[in-house]
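Hello,

Here is the structure I promised to pass on to you. Please have a look at it first, and then read on for my notes.

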Amino acid sequence: DPLQGVSVDPQGDWVVVYDAGGIVVNPNELIFVNLKDPESTPISKTIRSFGGRPERFTFTNTLQVPNGAARRLLLVETGQDVTLIDLSDLTRDEVTLVLPQTATGKTGKPAEVAYDDGKPDDPEDARIAIRLENDSNVMLVDLATPGPDDQDKPFKPTVNVADVGGVPSSIAFVHT
């Protein structure tokens, strides 16, 4: 039977199976299949999503982070949050970013994500942007240096919400 949810990494490293009926019972369970090692056992991971379920997936390119080797992330958009999964270590806890409320008091819904590695020689310059549906706010997430108690983590997400003066139709990072 065809699966309901499959997301294929454009770089050919991973396939993520989700919301697959009889195979995946929990809608927040993701099954990672390593295409570089077809003999490896698929890895199951359940994300925390405060009432949402995975809707869209974005595989990043390699991002330099302040604490450790460069890595790729999987950005999982649900109806009300965005989860960051470290593809270099699927046993590491994911980071769930709860979106701000809209002006009407409803929970924000992601409409688009963008990411950028920043300056190639600056490991503290990677960031993610999240455009909210029908809202003038854009959530910016810097992958910053972790605090002294979190030195085992590759980065600490630092969130800033910016009102851009109107509802944007798209977002992108531009280098000038």
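Below is what I found, going from the whole chain to single residues.

Please keep in mind that this is a predicted model.

**The chain as a whole**

The secondary structure is quickly told: the chain has 12 strands and 0 helices. Read from the N terminus, the order of elements is therefore β-β-β-β-β-β-β-β-β-β-β-β.

How does the radius of gyration fit a compact globule of 176 residues? The chain has 16 Å, and a compact globule with that number of residues would be near 16 Å, so the two agree. Along the principal axes, the C-alpha atoms fill a box of roughly 50 × 40 × 35 Å.

Of the 176 residues, 44% are buried. Counting contacts in the chain with a separation of 6 or more, 47% are between residues 24 or more positions apart. The exposed surface comes to about 9,300 Å², and carbon and sulfur atoms supply 48% of that area.

As for charge, the chain carries 15 positive and 28 negative charges.

In soluble globular proteins, nonpolar side chains tend to be buried together. In this model, the largest nonpolar core has 17 residues. Which of them have the most contacts inside the core? They are L73, L84, I128, I130 and L143. Four strands each supply at least two residues of this core: strand 6 (73-77), strand 7 (81-86), strand 10 (127-132) and strand 11 (137-144).

Leaving aside neighbours within four places in sequence, L143 is in contact with L63, V65, P66, L73, A126, I128, F155 and K156. Two of the core residues named above, L73 and I128, are included in that list.

G5 lies in strand 1. Is G5 buried or exposed? Its relative accessibility is 0%, so G5 counts as buried. Not counting residues up to four places away in sequence, G5 touches V16, V17, Y18 and D19. G5 and P54 are 49 residues apart in sequence, while their C-alpha atoms are 9.4 Å apart in space.

N137 is found in strand 11. With a relative accessibility of 16%, N137 counts as buried because the cut-off for that class is under 20%. Residues up to four places away in sequence not counted, N137 touches I130, L132, V161, A162 and D163. I130 is also one of the residues with the most contacts inside the largest core.

Q11 sits in the loop between strand 1 (5-8) and strand 2 (14-18). Its relative accessibility is 38%, so Q11 counts as partly exposed. Beyond neighbours within four places in sequence, Q11 is in contact with K36, T60, N61 and R72. For T60, which is 49 residues away from Q11 along the chain, the C-alpha separation is 9.5 Å.

A69 is in the loop between strand 5 (56-59) and strand 6. At 52% relative accessibility, A69 counts as exposed, the cut-off being over 50%. A69 and N160 are 91 residues apart in sequence, and their C-alpha atoms are 25 Å apart.

T104 has its place in the loop between strand 8 (95-98) and strand 9 (110-116). With a relative accessible area of 65%, T104 is exposed. T104 and D135 are 31 residues apart in sequence, with 9.5 Å between their C-alpha atoms.

N134 is located in the loop between strand 10 and strand 11. Its relative accessibility is 63%, so N134 counts as exposed.

Best wishes

Methods: Residues are numbered from 1 along each chain as its sequence is written. This is a predicted model: local features need pLDDT of at least 70, side-chain atom pairs count only at pLDDT 80 or more; totals for chains, interfaces and linings use all residues. Side-chain values use heavy atoms; hydrogens and water are left out. A nonpolar core is a set of buried Ala, Val, Leu, Ile, Met, Phe, Trp, Tyr and Cys residues joined through side-chain atoms within 4.5 Å. Buried means under 20% relative accessible area, exposed over 50%, partly exposed in between (1.4 Å probe, protein chains only). Contact means heavy atoms within 4.5 Å. The radius of gyration is taken over C-alpha atoms; the globule rule is 2.2 Å times the number of residues to the power 0.38. Accessible areas come from the Shrake-Rupley method with a 1.4 Å probe; for residues, only the protein chains shown count as cover. Lys and Arg count as positive and Asp and Glu as negative; His and the chain ends are not counted. The place of a charge is taken as NZ of Lys, CZ of Arg, CG of Asp or CD of Glu.
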